Amino acid sequence: MQNMQKADIKSYTQQELSDFLQSLGEKPFRAKQLYPWLHKKHAKSFEEMTDIPKKLKEKLITTCSLTVLQQADMQQSKLDGTRKYLFTLPDGNLVESVLMHYSHGNSVCISSQVGCRMGCKFCASTLGGLVRNLTPAELLEQVYRIQADTGERVSNVVVMGMGEPLDNYGNVLKFIKLLSDGNGLNISQRSITLSTCGIVPKMRELADEKLQITLALSLHAPTQEKRMALLPVAKKYGIQEAVDACKYYFQQTGRRVTFEYSLVGGANDSGEDARQLGELLSGMNCHVNLIPVNPIGEREYQPPSRKEVLDFKNKLEKYGINVTIRREMGRDIDGACGQLRKRFSERQGEG
Ligand code: SAH
């Protein structure tokens, strides 16, 4: 109980940290000393903060919690070096994060929730429902621990792992601000991507924040009917509303929107689907990322053949749309989002 009342200082902005230290009777400049320990040097304990006076450390130990994720498991791909991390949160819950090496730098994909309540049909993260939201500190820690583990700078962050980030809006927004803070990791907002299944009011709210991050919409179908069959959230927020919210995002931020489209054999991959999708998006300043669906065992969905994927791409390009096929990373390690966590939990259950 007492632990729950402790201040979660890694979730504080530097100003909030300064206010908090003042409430402990400390000078505000101490925030300037403490903030880099939390957000640049990634200290695992108050003890190692060498320039913080002993008395203050003692105060911090009794009044604050220092959120540090523990590495429970890690798999590294022999094909491309992709690393999939499984982290234990302070309360014992597990989340997955992935590190991918690209020519333009290291990219980390983080989870935004433990589980998910969106119910997308082909996704493994949603099978057990939502457990809870991650705090700003837990979102940051996924990036910090990976950077500390590899000793290499992380240059891009995608919020595309387990969970729906706009269902955890306040914490994710704070995370973005802390991650791009000049006194922390200082990752440019243009190097941060947030992917949503389409919670329209929150997409519009995000547009009004006028951040420079990239917004990605999980579209996955060209029509309302087909989208509803794959994404239950579409029953609440229709496809046109979601696309309009993307147009609004572009208007407000000048940032080109990405549409993710997971190709599911027989469900959304026909020539007619490509044509309808082309018509839906034609004239928009956007980018479509095609992702051959990653089969998750529990469901019968299968990806189309390579040729079918290329045909789909060609048809879409005829509408003047910029299309890429997602490079499959780490094909030899537990693939789709949520699978490593699921397998690990099952193993623990057996053991
Ligand atoms: N909730 C957010 C972010 C998490 S999922 C969202 O829906 O966008 C990241 C992307 O992976 C989404 O586009 C999601 O639909 C897709 N995805 C999930 N499981 C998949 C699978 N088995 N195969 C292909 N894409 C998948």
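Mentor: Let's go through the ligand site, then some backbone angles and ring contacts. Keep in mind that this is a predicted model.

Trainee: Okay, ligand site. How many residues surround the ligand, and which are the closest?

Mentor: There are 18 residues around it, and the closest are F122, S195, S218, H220 and N294.

Trainee: Which atom of the ligand does the side chain of S195 lie 2.6 Å from?

Mentor: That's an oxygen atom of the ligand, with a polar side-chain atom of S195 at that distance. Then look at the nitrogen side: an N or O atom in the E164 side chain is 3.0 Å from a ligand nitrogen. N294 uses its backbone instead, with an N or O atom 2.8 Å from a nitrogen of the ligand.

Trainee: And how much of the ligand does the protein bury?

Mentor: The protein buries 94% of the 530 Å² that the ligand exposes when taken alone.

Trainee: Which elements give two or more residues to that shell?

Mentor: Those are β10 (192–196) and β12 (257–263).

Trainee: Is H220 buried or exposed?

Mentor: H220 counts as buried because its relative accessibility is 6%, and the cut-off for buried is under 20%.

Trainee: What about N186, where does that one sit?

Mentor: N186 is in the loop between α6 (169–179) and β10. Phi is positive there too, near 60°, and N186 isn't a glycine either. With 44% relative accessibility, though, N186 counts as partly exposed.

Trainee: Now rings. How many aromatic pairs are there?

Mentor: The count is three. One of them is Y85 with F87, a stacked pair with centres 5.5 Å apart and 5° between the planes.

Trainee: Are Y85 and F87 buried or exposed?

Mentor: Both are buried.

Trainee: Last one: which residue lies over the face of W37?

Mentor: That's K41, at 3.8 Å from the ring centre. Also have a look at Y248, where R204 lies over the ring face at 4.8 Å from the centre.

Note on methods
Residues numbered from 1 in each chain as written. Predicted model: local features only at pLDDT ≥ 70, side-chain atom pairs only at ≥ 80, totals over all residues. Heavy atoms only, no water. Near = heavy atom within 4 Å. Polar contact = N/O pair within 3.5 Å; in protein donor to acceptor, adjacent residues only side chain to side chain. Areas by Shrake-Rupley, 256 points an atom, 1.4 Å probe, with all protein chains shown as cover. Helix = DSSP H or I, 4+ residues; strand = E, 2+ residues; numbered from the N terminus. Buried < 20%, exposed > 50% of the residue type's maximum accessible area, 1.4 Å probe, protein only. Phe/Tyr/Trp six-rings, centres within 6.5 Å; stacked < 30°, edge-to-face > 60°. Lys NZ or Arg CZ within 6 Å of the ring centre and 35° of its normal.
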